[in-house]
Amino acid sequence: MSLIREDVTYVANLARLEFSEDEVTALADQLGAVLDYAETLSGLDTSQIKATEHVLAVQNVFREDEIKSCLSNEDALANAPESEAGCFKVPRVME
Amino acid sequence: MEYEIVIGMEIHVELGTKTKIFCSCPTEFGQDENTHTCPVCLGMPGVLPVLNEKVVEYATRAGLALNCEIAHFSKMDRKNYFYPDLPKAYQTSQFDLPICTGGAVGIEVDGVKKDIGITRIHIEEDAGKLLHESADGTLLDVNRCGVPLIEIVTEPDLRSAEEARAFAEKVRNILEYTGVSDCKMEQGSMRFDVNLSIREKGSEVLGTRTEMKNLNSFRALIRAVQYESKRQIIELKKGREIIQETRKWDDAKGVSSSLRSKEEAHDYRYFPEPDLVPIVLEPSYIEKIKSELPELPEAKKKRYVDEYKLPEYDAGVLTTTGVTARFFEEAVALYNEPKQISNWMMVEIPPLLKENEQSMETITITPAQLVELLKLVKDKVISGTSGKEVLKEMFISGKNAGDIVKEQGLAQMSDTGELEAIIEKIVADNPKSVEDIGAGNEKAYGFLTGQVMKATKGKANAQVANEIIRAVVAKHLA
């Protein structure tokens, strides 16, 4: 089950990544090899095994509904490349 | 060809928890921008979210109230999309194993009852708020990021704008009763998405649908459905195909317009959230929450008819919201005259709420204050007309009915001696009316009663006054 170029460009678009033609070819080969390797798992008989819904054998980790302190506006915005009027500023988006 | 409208809805409801779904920041509405944030809801690298136990409890309660199955095992997933309203670039939600499945809500439109199926309810986090105020960019307020939501997804069972509205109102009513949300539409606590398609009546196949997101009032919901169904029917009549897409409803202009093509935008690449562990709910936990559910609107309405002997209409109006029902029940507990209380709550109070910019949520009059007034009317201390004036004054000044009656001298005049003197004079001053009555014109009594009310500024006890008028007129005619 090798990856075709269309899969690479489709996923790249969803991830907002841009690749040259050569890069797409290389990625199709590399990612295809990864998928082929993962495919070896389908050689196993899993008909008697319960599907894994989560990798951790832990459940129900909750916290109480209690308010704790927040960051100040200044601290919250400290790492923002741009800010304005107490807000993070990002390139204009369609409403 | 006859067309049929097919609607499915998604309703987002903000849960009324004190803190966010995965961190301990407050959920309070209307605060200064970016003052309710922490590394978790800001999406900083390396942070670990922890699920708020109240979110699980409220979602379970909502699911039970909407007749759903509560999942023994459910889990959280990441829904990936690029939009700056979520700093993490994914929304933590539930994909294939939601907390509730398979519910139903009964609605009634024009006397026709039907059940609307609920496919599922899942829990997720709300996104931040984008402000389009900057000259050269978009501003982001993260306060709302991580506020807990439930998303209620229906089957495509709705067939008209009226049904959509009835369903949305019913859900709001039930959720408000259960106390899982304040359901304040104006604060965005409840938002509707509508999936709508058109098909030939009688067909079993669904047409291509469009989706309209974030309708934030019942009015917007109705108008958007009406507009979009009409638009699609016109397209089909012209022989055109409906394009599957997300459309934006512009409530000011009353039109919907294409926003983006759906297929690609909806490839969210869901995968299990590795930072949050599964939610496993034991039957004992679910049973406990079920046993704590309050009386729901349907049951309450039936009880009002059975126990208080109220007409079905009254019972329906009084149980529309939890706060209205609570007000009524408190009043009845103090004063066992359900119908009188119902009349005043349905007829007199609503216009005064509007006039004083209040609602049943913010009403300044207590059930005890209303009861005091109603007793004065019932005991004929004041007339019904004066009662309405007193109620008006109670809204304005906040004073008790008894004090207003005293201050304004509104107590009815039942003193026969005083009334007799006034009536003697009125009858003497109106010989024409006496003559008319003598000639058999009973209507002239009405004129005399009117004169008495005018002379006493409406304070005369009408029954006592009428008896005296008849006696005095008889004396004059004798």
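Predicted model: local features only at pLDDT ≥ 70, side-chain atom pairs only at ≥ 80, totals over all residues.
Let us start with chain B. Chain B is divided into domain 1 (3-285), domain 2 (295-408) and domain 3 (416-477), with bounds that come from an automatic or database domain assignment. Taken over C-alpha atoms, the centres of domain 1 and domain 2 of chain B are separated by 36 Å. Where these two domains touch, the contact (heavy atoms within 4.5 Å) takes 7 residues from domain 1 of chain B and 12 residues from domain 2 of chain B. Between them they bury about 720 Å², with carbon and sulfur atoms giving 54% of that area. Buried area here is the accessible area (1.4 Å probe) that two parts lose on being put together, summed over both. On the domain 1 side, B:Asn173, B:Glu176 and B:Tyr177 lose the most area to domain 2 of chain B, together 70% of what that side buries.

What polar links join domain 1 and domain 2 of chain B? There are 4 residue pairs in polar contact (both at pLDDT 80 or more). A polar contact is a pair of N or O atoms within 3.5 Å; within protein, one must be able to donate a hydrogen and the other to accept it, and residues adjacent in sequence count only if both atoms are side-chain atoms. The count also gives 1 salt bridge, that is, a side-chain nitrogen of Lys or Arg within 4 Å of a carboxyl oxygen of Asp or Glu. B:Lys170 forms a salt bridge with B:Glu298, and their closest N and O atoms are 3.4 Å apart. Helix α2 (residues 161-178) of chain B gives the most to the domain 1 side of this contact, with 6 residues. Helices (H or I, at least four residues) and strands (E, at least two) are DSSP runs, numbered from the N terminus.

Now turn to the meeting of the two chains. Here the contact takes 56 residues from chain B and 38 residues from chain A. The area buried between the chains is about 4100 Å², of which carbon and sulfur atoms give 59%. There are 28 residue pairs in polar contact (both at pLDDT 80 or more), and the count of salt bridges is 1. The side chains of B:Asp136 and A:Lys89 meet in a salt bridge, at 2.6 Å from N to O.

A:Lys89 also stands opposite B:Leu139 in β10(B). Strand β3 (residues 87-90) of chain A and β10(B) pair in the antiparallel sense over 3 bridges; two strands pair if DSSP finds at least two bridges between them. Strands of a sheet pair through backbone hydrogen bonds, either parallel or antiparallel. What is the order of the open sheet of 4 strands? It runs β2(A)-β3(A)-β10(B)-β9(B), with antiparallel pairing. Its edge strands, each pairing on one side only, are β2 (83-84) of chain A and β9 of chain B.

Chain B has pairings of its own to explore. Strand β7 (residues 100-109) and strand β8 (residues 112-125) of chain B pair in the antiparallel sense over 9 bridges, with B:Ile107 opposite B:Lys114 in β8(B). These two strands form a hairpin with 2 residues between them, and B:Asp110 in the turn has a positive phi of about 50°. β7(B) is also joined by 2 bridges to strand β3 (residues 69-70) of chain B, and these run antiparallel.

Finally, look at strand β13 (residues 210-215) of chain B, which pairs with strand β12 (residues 190-200) of chain B in the antiparallel sense over 4 bridges. β13(B) pairs with strand β14 (residues 245-250) of chain B in the parallel sense, over 3 bridges. B:Met212 is a handy landmark: B:Met212 is the bridge partner of B:Val194 and stands opposite B:Arg247 in β14(B).

Methods:
Residues numbered from 1 in each chain as written. Chains lettered and ligands numbered in written order. Heavy atoms only, no water.
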